[in-house]
Amino acid sequence: MFRYFKMTALLVTLVLGAMFSEPAAAQDAMLVISKSSDFSTFDRNFSREDTLYVRVLRPDIDFTSIDEMRYHLRPRHEGPGIAGLFTNNFDGSYTTSMGLDQLDSTAFEWVLKLEIEDRLGNEFSIKVDIRIGEENPDFRPGHRFGIEGRVRALGTDSLMVRDLWLVINDSTRFFAEGATDASFDDLFPGARVSVLAHKRDHGPPLATHVKMDLNQDVVAVGRITHVDSATITVDGLSFEVVEETEVRGRLGQPVAFDSLHVGMFARVEGRVRSDGVLWAKRIRILNQAPEEKLEVSGEIESVTDSSVTVSGYEFQLHEHTRIVVEHHFEIGRIALIPGADVEVLAIVHPDSSLWAVLIKVEHIPGVEIEEKGEIEEVGSDFLVVNGTEFLLLPETLVFNSDRRRSDRGLLQPGLPVLVKGLELDDGSTVALVVMARKRLHERVKRTGRIQSMTDHSLTVFGATFEVDSTTVVLDEHSMVADFDTLQLNMLVTVHGYWQNSGILFAEEIKMRRRAGDGVEVKAIIDSLELEWIHLAGLKFLVTDQTRVVDESKNPMDYSQLAPGQFVQIHGRRLPDGVNIALRIRLRDQAEDHFELFGSISHIGGDTLVVEGRNVLTTAETEFTDRHETPLTLSDFSVGDYVKVRAEVTAAGELVALKVRRKETAESQGVAETGADGASFNLGATTVLLDDNTFITDASNSELDESDINSGSVVDVSGTLTASGDLQANSVVVLDADGTTGISGESTTAGPAGFALQQNYPNPFNPTTTLQYQIQGSGPQQVLLKIFNLMGQEVATLADELKSAGEYSVAWDARDSRGRRVASGAYIALLKVGSQSQARQMLLVR
């Protein structure tokens with residue numbers, strides 16, 4: 001597989017793909033690198049006269065709590081670069097610019113590294129290859145290499161490092177630690193240097209950058225190649241022996257200098273005098289030849305299963321060769337790709353072969369992807385972090401938070417990780433390293449639908465929590481409930497923590513009221529289309545099921561509506577964001593204003609976004625809670641459900657007159673009393689009805705208050721009043737014709753012509769039997785279904801023509817797909833012709 005991936009890697013042309021493909025998409029792109037200050041173009045090649053502009057668009061990063069937002073532009077190889085900070089525009093975008101005229105003129109290939117991170121751990125980090133200036137043919141890619149070691153000799157325009165002569169010219173740049181400037185004249189034999197050089201077609205390599213250590217102390221270790229009464233030569237360096245030179249043997253005992261001879265191994269510590277002469281302070285005889293080391297940096301030229309060639313040097317690979325990226329993350333041979341920049345530390349064996357001890361991968365061609373966050377999804381060959389899908393290869397390395405190798409069983413949704421990867425030419429992304437991060441906050445909170453359940457766990461928003469007898473389960477009213485009352489797709493908030501074993505444990509599970517998908521608006525019609533009605537910047541889809549009524553709720557035709565009329569629309573927001581009109585009611589226009597009920601999706605400056613509509617606030621805007629207690633804009637949060645009353649300006653803008661926070665509530669169950677025109681009881685809750693309450697059946701057909709009877713199965717959405725009652729915005733009646741109480745052992749007769757008996761046993765586990773009778777002279781269509789208390793269909797037990805008689809059917813507490821359902825209350829609904837009857841059942845596992 002490794003050989004296969006290396007062949008694949010040879011085909012990789014890592015580019016920014018769609019990120020840099022279409023100039024027209026610049027305004028919406030996550031990253032724009034451009035020559036233009038308006039970011040209208042995507043550029044990768046620049047001249048030294050250009051200004052480089054960068055814009056990052058990452059709405060997921062909290063711009064109010066930024067921890068890092070920096071950039072660094074450096075040459076691909078050694079040399080000075082520039083660094084700085086982004087400008088935070090406080091709208092999810094970050095920009096900066098940099099002049100290129102002062103950059104190193106010998107460098108053509110550059111790496112731009114961008115990092116933005118908030119204090120919550122959301123991060124954007126990327127490295128991008130760019131080119132600056134025209135390429136000098138003497139400095140073409142693939143001819144660069146680096147070498148470190150002692151200067152063995154100096155010429156008038158050259159220096160020797162490890163038996164390699166390097167040419168110096170006017171373009172060679174010199175650097176020295178602790179010195180403001182440096183030059184060729186500062187070098188001396190024995191000085192330690194790090195050289196970046198270019199191979200040339202003819203003649204010795206050209207040194208472009210020389211970084212030197214001007215420490216006057218010099219150490220040479222190796223075989224003595226020359227010795228006389230006044231000098232000794234070791235590792236190519238000649239030292240003058242003076243009266244103060246200390247000479248010791250293998251055991252540290254003093255020995256005479258004249259006892260030394262060619263072929264011995266020795267360590268010589270020396271120093272450079274002011275006249276440039278190197279003299280020996282101490283000579284120590286060694287038992288055996290030390291391991292000679294070689295450090296080389298450059299681009300990988302070729303790779304085999306047993307070797308890698310860098311800058312003309314072939315290094316042998318073995319099982320102990322460490323291959324790392326920055327911070328010394330082990331990465332393995334997956335990163336050894338031709339063209340990658342590496343630093344190699346090797347041992348020179350007696351046969352002159354080079355054995356690689358450490359290979360540090362500095363740069364891989366193209367775009368390097370790095371994501372830090374929690375695993376959102378994981379499979380056998382992929383994982384998703386921050387929305388980016390990474391392919392997992394057999395060579396992908398996995399580490400736990402202690403930086404020890406681990407298997408893929410460690411990778412679970414919710415685990416915080418650092419992923420380093422590569423973008424392939426087909427647009428996919430390969431993970432090189434996945435490292436679990438130490439959790440800064442051990443506690444975990446998840447809000448979402450229950451995706452799956454077992455007797456000992458549940459999965460919410462991709463995270464699986466273990467539960468036991470100590471887990472506290474609370475219902476919507478914060479009353480203690482049983483774990484068995486939880487059901488699939490129920491909205492819950494789970495508070496938990498990571499155990500030492502790496503498993504999430506749930507301390508508390510709280511059932512949440514479903515966020516209402518109802519949309520209600522009162523406004524003047526702006527325009528009408530065949531299928532759309534537009535008003536105050538919103539539009540609603542009109543379907544065959546949309547009911548249009550006048551002020552007295554009398555039906556009227558959609559074609560009778562006209563621009564300028566004042567209407568009230570009850571609708572629903574579909575998952576794709578489209579508003580669909582369920583009822584359009586003509587209203588008397590009491591005043592020229594706009595009313596909108598919905599959730600706040602964004603707050604910025606003096607603007608609210610409610611159900612996709614921008615609402616401006618002013619100093620005159622009144623803010624209150626549901627008790628009419630005065631508030632300010634800062635008291636509102638994203639997700640709050642509000643009623644907005646606003647004026648519509650001539651330009652079509654909405655200016656809020658009043659914003660009132662409403663506490664949303666939802667309740668499902670069986671009506672204990674029928675509606676008396678103003679209210680009905682749903683358990684301990686009083687549901688209030690008014691002229692704005694929208695009542696429908698399960699198919700969204702509009703009903704009246706009289707259709708809510710004792711025993712009707714209903715789903716109510718609304719807001720809480722100051723007294724704690726539920727003011728209904730909408731009521732969905734599952735059983736519009738129900739007239740029978742369905743709790744316990746009620747024996748009240750059902751509709752004429754048929755009867756559904758209470759199931760037996762009840763409660764049950766896992767099977768119960770339902771019996772029903774049908775009267776009449778001919779076959780009738782019979783439908784027997786099971787629903788949960790959220791109104792969702794669970795299973796169909798009968799759907800066929802049946803003659804008069806008595807029938808029974810068993811239910812094994814499984815849904816229509818054969819899956820076991822959770823403990824809880826369920827509704828059995830029997831329909832015969834146009835009549836229906838329901839019974840409530842209790843499953844206790």
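Glu 115 is buried, because its relative accessibility is 18%, where buried means under 20% relative accessible area, exposed over 50% and partly exposed in between, with a 1.4 Å probe and protein chains only. The model is predicted, so that local features need a pLDDT of at least 70 and side-chain atom pairs count only at pLDDT 80 or more, whereas totals for chains, interfaces and linings use all residues. Residues are numbered from 1 along each chain as its sequence is written, and side-chain values use heavy atoms, with hydrogens and water left out.

**Salt bridges**

Glu 115 forms a salt bridge with Arg 70, with 3.1 Å between the closest N and O atoms; a salt bridge is a side-chain nitrogen of Lys or Arg within 4 Å of a carboxyl oxygen of Asp or Glu. Arg 70 belongs to strand E4 (residues 66–75) and Glu 115 to strand E8 (residues 109–118), so the pair ties together parts that are 45 residues apart in sequence. Strands (E, at least two residues) and helices (H or I, at least four) are DSSP runs, numbered from the N terminus. Arg 70, at 38% relative accessibility, counts as partly exposed.

| Salt bridge | N to O distance | Relative accessibility |
|---|---|---|
| Arg 70 – Glu 115 | 3.1 Å | Arg 70 38%, Glu 115 18% |
| Glu 269 – Arg 267 | 3.3 Å | Glu 269 21%, Arg 267 33% |
| Glu 800 – Lys 802 | 3.3 Å | Glu 800 38%, Lys 802 14% |

Glu 269 counts as partly exposed, and Arg 267 is partly exposed as well. These two residues also belong to a network of salt bridges that links Glu 246, Arg 248, Arg 267, Glu 269 and Arg 282.

**Surroundings of Arg 587**

Arg 587 lies in the loop that runs between strand E45 (579–586) and strand E46 (594–604). Its side chain makes a polar contact of 2.7 Å with that of Gln 568, a polar contact being a pair of N or O atoms within 3.5 Å, of which, within protein, one must be able to donate a hydrogen and the other to accept it, while residues adjacent in sequence count only if both atoms are side-chain atoms. Apart from neighbours within four places in sequence, Arg 587 is in contact (heavy atoms within 4.5 Å) with Glu 551, Phe 566, Val 567, Gln 568, Asp 691 and Asn 692.

**Confidence**

The protein has a mean pLDDT of 78, and 83% of its residues reach 70 or more, pLDDT being the predictor's confidence in each residue, from 0 to 100. Over residues 1–26 the pLDDT is below 50, and this stretch has 54 contacts in the model beyond near neighbours in sequence.
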